[in-house]
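Visitor: Hi, I have just opened this one and would like a slow walk through it. Could you put it on the screen?

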Amino acid sequence: MLWGGGFISELGYQFARIAIYVQVTELTGSAAAVGLVGLTGLAGIFIGTIVGGSFIDAHDRRVTLMSAQVAHTVSAALLLGGAIHGHPPVWLIYLASALHALVSSIDAPTRSAMTPRLVGKDLLPSAVALSQVLWQTVAIVGPARSSSRRS
């Protein structure tokens with residue numbers, strides 16, 4: 001269940017990531033504005049990484065993972081609200097991108113930290129291999145599928 005949920009969550013993230021770059025390009029036509037999307041994501045990852053490690057260790061991982069999914073939903077709702085609006089302010093897209101990156105930097109390590117307790121020592125190598133298949137598949141399929149829809 002954890003693997004399946006992670007696959008769906010990360011696939012959605014990949015779709016959103018491509019959509020964010022396309023939307024900022026169409027709204028601004030500026031390469032610098034598109035580059036700023038990456039920079040806001042980097043800032044989110046940086047903050048999430050600094051805070052995440054101690055937070056994950058100090059809190060129940062199930063609650064942390066569920067909270068991360070709620071936060072992912074909030075960032076998706078910001079993007080959806082902006083898209084429905086028709087011409088969202090670019091700062092809203094930057095905010096959603098940074099929030100999603102921050103949450104992802106907590107979500108992924110939480111999933112990884114849960115794996116050994118869920119599968120036990122004897123199945124850990126298989127679980128780690130399956131996890132790598134998930135991340136690599138999503139990293140390839142997500143952007144490719146998003147790009148093919150745009151064509």
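Guide: What follows is a short talk about helices, a surface patch and salt bridges.

Guide: Before we start, this is a predicted model, in which local features need pLDDT of at least 70 and side-chain atom pairs count only at pLDDT 80 or more, while totals for chains, interfaces and linings use all residues. Residues are numbered from 1 along each chain as its sequence is written, and side-chain values use heavy atoms, with hydrogens and water left out.

Visitor: Okay, how do helix 2 and helix 4 cross?

Guide: The axes of helix 2 and helix 4 (residues 90-119) come within 7 Å and cross at roughly 35°, and the crossing is right-handed. Contact here means heavy atoms within 4.5 Å, and among the residues that make it are A33, G41 and I56 of helix 2, together with Y94, A101 and T110 of helix 4. Helices are DSSP runs of H or I with at least four residues, numbered from the N terminus.

Visitor: Is T110 buried or exposed?

Guide: T110 counts as buried because its relative accessibility is 0%; buried means under 20% relative accessible area, exposed over 50%, and partly exposed in between, with a 1.4 Å probe and protein chains only. Leaving aside neighbours within four places in sequence, T110 is in contact with I56, R61, T64 and L65.

Visitor: Switching topic, which residues make the nonpolar surface patch?

Guide: The patch, of about 490 Å², is made by F46, I47, I50, V51 and F55. Such patches are made of residues with over 30% relative accessible area and no salt bridge, with nonpolar side chains (Val, Leu, Ile, Met, Phe, Trp, Tyr) joined within 5 Å and like charges within 9 Å.

Visitor: And where is F46?

Guide: F46 sits in helix 2 (residues 31-58), and F46 counts as exposed because its relative accessibility is 56%.

Visitor: How many salt bridges does a search of the whole structure find?

Guide: The search finds two, a salt bridge being a side-chain nitrogen of Lys or Arg within 4 Å of a carboxyl oxygen of Asp or Glu. D57 forms one with R61, where the closest N and O atoms are 3.5 Å apart, and the side chains of D60 and R62 meet in a salt bridge at 3.2 Å, N to O.

Visitor: What about D60 and R62?

Guide: D60 counts as partly exposed at 36% relative accessibility, while R62 is exposed at 54%.

Conventions:
Accessible areas come from the Shrake-Rupley method with a 1.4 Å probe; for residues, only the protein chains shown count as cover. Helices (H or I, at least four residues) and strands (E, at least two) are DSSP runs, numbered from the N terminus. Axes are lines fitted to C-alpha atoms, for helices over the stretch in contact, and angles run from 0 to 180 degrees between N-to-C directions. A crossing is left-handed if the near helix is turned anticlockwise from the far one by less than a right angle, and right-handed if clockwise.
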